[in-house]
Amino acid sequence: MKFLIQIASDASVSIEGRVAGSIPFGYMVLIGVENADTKEIADKMIKKMLGLRIFKDENGKTNLSLDQVGGSLLLVSQFTLYADCRKGNRPSFTRSGSAEHAEEMYNYIIEKCKDTGTNVRTGEFGAEMKVSFTNEGPFTVMLDSAELF
């Protein structure tokens, strides 16, 4: 499982001209799932993401977590995080989870994040989306379960 986390001063996702989800401040998170991913892995990833202290404190140090700054989450499914570009010029996506598994995991992640009391907005699984955001810093972190657990 991969979470590409970007601090955003604003973020939104649109589908066919309508805004599906938007946040004023927080994390814009692209989520990639592979078939080996489980709910237990998702739980660990969520805990790690929400616990990250990557917002600046009063001294300019990255020392505050999402809840400490009152931030929100914009969660967007993104199978291309598992692109394999080793051979040729056309990426392979064979490591990406099946649509059924990825959608189940994406929905699980959404519900678990909502259960924490965090303001959560989302894209729409499998839809053609336009994502807009202002990346603060810029500050971007990749959480990859293969490297964390």
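Where is the place of E16? In this predicted model, E16 sits in the loop between β1, residues 2-15, and β2, residues 18-23. I start there on account of its backbone. Phi of E16 is near 50 degrees, which is a positive value, and the residue is not a glycine.

G137 and P138 are joined by a cis peptide bond, with omega at about -5 degrees. As for location, P138 belongs to strand β8, which covers residues 130-144.

Next, the helix pair. Two packed helices are described by the angle between their axes and the distance between the axes. Here the helices are α1, residues 39-51, and α2. Their axes come within 10 Å and cross at roughly 45 degrees. Because of that angle, α1 is oblique to α2. As for handedness, the crossing of α1 and α2 is right-handed.

Which residues make the contact? On the α1 side they are K39, A42, D43, I46 and M49. On the α2 side they are E104, M105, Y108, I109, K112 and C113. By class, the contact of α1 with α2 has seven nonpolar residues and four charged ones, with no polar residues.

Rolling a probe the size of a water molecule over the atoms shows where empty space is left. The largest pocket has a volume of about 290 Å³. Its lining consists of 17 residues, and those closest to the centre are S77, Q78, F79, G126 and M129.

Which elements give two or more residues to that lining? They are β3, residues 26-32, β6, residues 72-77, and α2, residues 99-115. So much for position; now composition. The lining of the largest pocket has 10 nonpolar and seven polar residues, and no charged ones.

To put the two parts side by side: α2 gives two or more residues to the lining of the largest pocket, and α2 also crosses α1 at roughly 45 degrees. The contact between α1 and α2 includes four charged residues, whereas the lining of the largest pocket has none.

Notes. Residues numbered from 1 in each chain as written. Predicted model: local features only at pLDDT ≥ 70, side-chain atom pairs only at ≥ 80, totals over all residues. Heavy atoms only, no water. 1 Å grid on protein atoms, 1.4 Å probe; cavity = no way out; pocket = protein on both sides within 12 Å on 5 of 7 lines; lining within 4 Å. Points joined across faces, edges and corners; volume = space filled by probe spheres on them. Helix = DSSP H or I, 4+ residues; strand = E, 2+ residues; numbered from the N terminus. Nonpolar A, V, L, I, M, F, W, Y, C, P; charged D, E, K, R; others polar. Axes fitted to C-alpha atoms, helices over the stretch in contact; angles between N-to-C directions. Parallel < 35°, antiparallel > 145°, perpendicular 65-115°, else oblique. Left-handed = near helix turned anticlockwise from the far one by under 90°. Contact = heavy atoms within 4.5 Å.
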